[in-house]
Amino acid sequence: MTRRICLVFAALAMLGCAAKDEGKRYPMQGEIKALDPSTKSATIAAGKIEGWMEAMTMEYAVKPDAEFAKLHVGDHIEATVVVKDPGFYVTDVKVTPK
């Protein structure tokens with residue numbers, strides 16, 4: 001019985017650590033200006049990302065690969081920026097009408 005309780009607490013502790021590792025998530029809107037298939041990154045002209053960054057054009061890694069595959073230069077997107085030290089990436093990409 002004591003072993004089961006210890007296993008339950010260990011599992012809960014691991015779940016808590018995993019949740020903390022997720023990073024902060026911010027909604028973003030922008031336009032794809034360039035794509036780099038070798039690094040799976042996109043240069044995005046993004047509007048202000050509330051709580052993180054003013055409007056600017058910069059390169060973002062796009063994860064997972066399936067999200068990158070659906071992008072084309074000129075696409076307008078809504079996405080989520082995940083900020084996790086030491087870096088950041090874009091995910092949950094939705095191409096929106098121009």
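Colleague: How many aromatic pairs does a search of the whole structure find?

Modeller: The search finds 3 aromatic pairs. Please bear in mind that this is a predicted model.

Colleague: Take Y60 and F88. Why is that pair called edge-to-face?

Modeller: The ring centres of Y60 and F88 are 5.6 Å apart and the planes stand at 75 degrees; planes over 60 degrees apart count as edge-to-face, so the pair falls in that class.

Colleague: Where in the chain do the two residues of the pair lie?

Modeller: Y60 belongs to strand β3 and F88 to strand β5. They are 28 residues apart, and the pair thus links distant parts of the chain.

Colleague: And Y60, is it buried or exposed?

Modeller: Y60 has a relative accessible area of 1%; under 20% means buried, so Y60 is buried. F88, with a relative accessible area of 30%, is partly exposed.

Colleague: Which residues form one aromatic cluster with Y60 and F88?

Modeller: Y26 and W52 form the cluster together with Y60 and F88.

Colleague: Let us turn to the strands. What do they build, and in which order do they run?

Modeller: They build a closed barrel of 5 strands, in the order β1-β2-β3-β5-β4, with mixed pairing. On average, neighbouring strands of this sheet are turned by 55 degrees against each other, direction ignored.

Colleague: Do β3 and β5 pair in the parallel or the antiparallel sense?

Modeller: Strand β3, residues 56–62, and strand β5, residues 87–96, pair in the parallel sense over 2 bridges. A61 has Y89 in β5 as its bridge partner.

Colleague: What sits over the ring of Y89?

Modeller: The charged end of K63 does, 4.7 Å from the centre of the Y89 ring.

Colleague: How many bridges join β4 to β5?

Modeller: There are 8 bridges between β4, residues 76–84, and β5, and the two strands run antiparallel. V83 has F88 in β5 as its bridge partner. The hairpin that joins β4 to β5 passes through 2 residues.

Colleague: What does A42 stand opposite in β3?

Modeller: A42 stands opposite Y60 in β3. Strands β2 and β3 pair in the antiparallel sense over 6 bridges.

Colleague: Which loop holds P37?

Modeller: P37 lies in the loop between β1, residues 24–36, and β2, residues 41–46. Its relative accessibility is 55%; exposed means over 50%, so P37 counts as exposed. The C-alpha atoms of P37 and F68 are separated by 8.3 Å, and these residues are 31 apart along the chain.

Colleague: What about S41, buried or exposed?

Modeller: S41, which lies in strand β2, counts as buried at 4% relative accessibility. The side chains of S41 and T39 are joined by a polar contact of 2.7 Å.

Colleague: Leaving aside neighbours within four places in sequence, which residues is S41 in contact with?

Modeller: With those neighbours left aside, S41 is in contact with A34, L35, D36, E59, Y60, A61, V62 and F68. Y60 in that list is the residue whose ring pairs with F88.

Key. Residues numbered from 1 in each chain as written. Predicted model: local features only at pLDDT ≥ 70, side-chain atom pairs only at ≥ 80, totals over all residues. Heavy atoms only, no water. Pairing = 2+ DSSP bridges. Helix = DSSP H or I, 4+ residues; strand = E, 2+ residues; numbered from the N terminus. Axes fitted to C-alpha atoms, helices over the stretch in contact; angles between N-to-C directions. Phe/Tyr/Trp six-rings, centres within 6.5 Å; stacked < 30°, edge-to-face > 60°. Buried < 20%, exposed > 50% of the residue type's maximum accessible area, 1.4 Å probe, protein only. Lys NZ or Arg CZ within 6 Å of the ring centre and 35° of its normal. Polar contact = N/O pair within 3.5 Å; in protein donor to acceptor, adjacent residues only side chain to side chain. Contact = heavy atoms within 4.5 Å.
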